[in-house]
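The exercises below are meant to be worked through with the sequence and the model open side by side. Each begins with a task and is followed by a solution in steps.

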Amino acid sequence: MEDIRVRFAPSPTGSLHIGGARTALFNWLFARHHGGKMVLRLEDTDMKRSTQSSADGIIDGLRWLGLDWDEGPDIGGPYGPYRQSERQQIYQKYIQQLLREDKAYYCFCPEERIEALREKARQKKTDYRYDGHCRQLSLSQAEQRIQAGQKPVVRLKIPCEGDTVVQDLIRGQVHFSNRILDDFIFQKSDGNPTYNFAVVVDDYCMH
């Protein structure tokens, strides 16, 4: 096997726990066995709960276990920074690209409207899906509202027809009907990316 790269990417919101230690150990063993690279990345998109003391504790705990890494927030590397809070410009690059390519859109719906949609779905005993109220706003219209002080989220514009196909290593091609997928949020109203978006961008950029 060639070019093996694995990563352990804890959130520094508390101490290193046994499940995280096990995951780090398995990744470390796999990388070392195949002559690959072990990457340590701190996923601190939860700004309110992430602390430097937790980050230091996780790193100290990994070292106590005898683990080392080839790239990380403490030693750097070719694909840094290795802390998500320091990668905002990278995330914004891809968010703006998706907006320009009409694969995403700004959503200005207040939480009260979203909760009303959720309640309606609960009453009908159906799964909640955003109804696309802001989907047809042009980028220029959205930017005017932002300049006026409104703070939107950004949603992925899922195609209305067809399937989304995922190539899974074990199951092969897995098909999901786009009609049941939600235009999920990947940038919050405070401008920060969601975890699910940041981790995909990081994995892509860090190879």
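**Exercise 1. The chain as a whole**

What percentage of the contacts in the chain with a separation of 6 or more comes from residues 24 or more positions apart? Describe the overall make-up of the chain as well.

Solution. The model is a predicted one, and the values that follow are computed from it. Among the contacts with a separation of 6 or more, 69% are between residues 24 or more positions apart. The next step is to list the elements: the chain has six helices and seven strands, and read from the N terminus their order is β-α-β-α-α-β-α-α-β-β-β-β-α. Along the principal axes, the C-alpha atoms fill a box of roughly 55 × 40 × 35 Å, and 37% of the 207 residues count as buried.

**Exercise 2. Two domains**

Where do the assigned domains of the chain lie, and how many residues does each give to the contact?

Solution. The domain assignment places domain 1 at residues 5–82 and domain 2 at residues 88–197. Taking the C-alpha centres of domain 1 and domain 2, one finds a separation of 30 Å. In the contact between them, domain 1 takes part with four residues and domain 2 with six residues.

**Exercise 3. Helix α4**

Determine whether the span of helix α4 agrees with its number of residues, and then work out how its buried and exposed residues are arranged.

Solution. Turning to burial, the buried residues of α4 are I114, L117 and A121. These residues cover an arc of only 60 degrees around the axis, so they lie on the same side of α4. Strand β4 (153–156) is included in what covers them, whereas the face turned away from the buried side carries the exposed residues E112 and Q123. E115 also belongs to helix α4, and because its relative accessibility is 33%, E115 counts as partly exposed. After the helix comes K125, which has a positive phi near 55 degrees.

**Exercise 4. Aromatic rings and charges**

How many aromatic pairs does a search of the whole structure find, and which charged residues sit over the rings of Y128 and Y130?

Solution. The search finds two aromatic pairs. One of them is formed by Y94 and Y204, with 6.2 Å from centre to centre and 90 degrees between the planes, an edge-to-face arrangement. This pair links distant parts of the chain, since Y94 is in helix α3 (residues 88–100) and Y204, 110 residues apart from it, is in helix α6 (residues 195–205). Y204 counts as exposed because its relative accessibility is 59%. For the charges, R118 lies over the face of Y128 at 5.2 Å from the ring centre, while the charged end of R155 is placed over the ring of Y130, 3.8 Å from its centre.

**Exercise 5. Backbone details**

Solution. The peptide bond from G80 to P81 is cis, with omega near 0 degrees, and P81 lies in the loop between α2 (52–64) and α3. D102 is not a glycine, yet its phi is positive at about 60 degrees; this residue is found in the loop between α3 and β3 (104–107). D102 is partly exposed, as its relative accessible area is 49%. H207 likewise is a residue other than glycine with a positive phi, near 60 degrees, and its place is in the segment after α6. With a relative accessible area of 60%, H207 is exposed.

**Exercise 6. The surroundings of K37**

Which residues does K37 touch, leaving out those up to four places away in sequence?

Solution. First locate the residue: K37 is in strand β2 (residues 37–40). K37 counts as partly exposed because its relative accessibility is 41%. Beyond its sequence neighbours up to four places away, K37 touches I4, R5, V6, A31 and D70. As for G76, 39 residues apart from K37 along the chain, the C-alpha atoms of the two are separated by 13 Å.

Conventions. Residues are numbered from 1 along each chain as its sequence is written. This is a predicted model: local features need pLDDT of at least 70, side-chain atom pairs count only at pLDDT 80 or more; totals for chains, interfaces and linings use all residues. Side-chain values use heavy atoms; hydrogens and water are left out. Rings of Phe, Tyr and Trp (its six-membered ring) pair if their centres lie within 6.5 Å; planes under 30 degrees apart count as stacked, over 60 as edge-to-face and the rest as tilted. Helices (H or I, at least four residues) and strands (E, at least two) are DSSP runs, numbered from the N terminus. Buried means under 20% relative accessible area, exposed over 50%, partly exposed in between (1.4 Å probe, protein chains only). A charge sits over a ring if NZ of Lys or CZ of Arg is within 6 Å of the ring centre and within 35 degrees of the ring normal. The expected span of a helix is 1.5 Å times one less than its number of residues. The arc is that of the directions from the helix axis to the C-beta atoms. Contact means heavy atoms within 4.5 Å. Domain bounds come from an automatic or database domain assignment.
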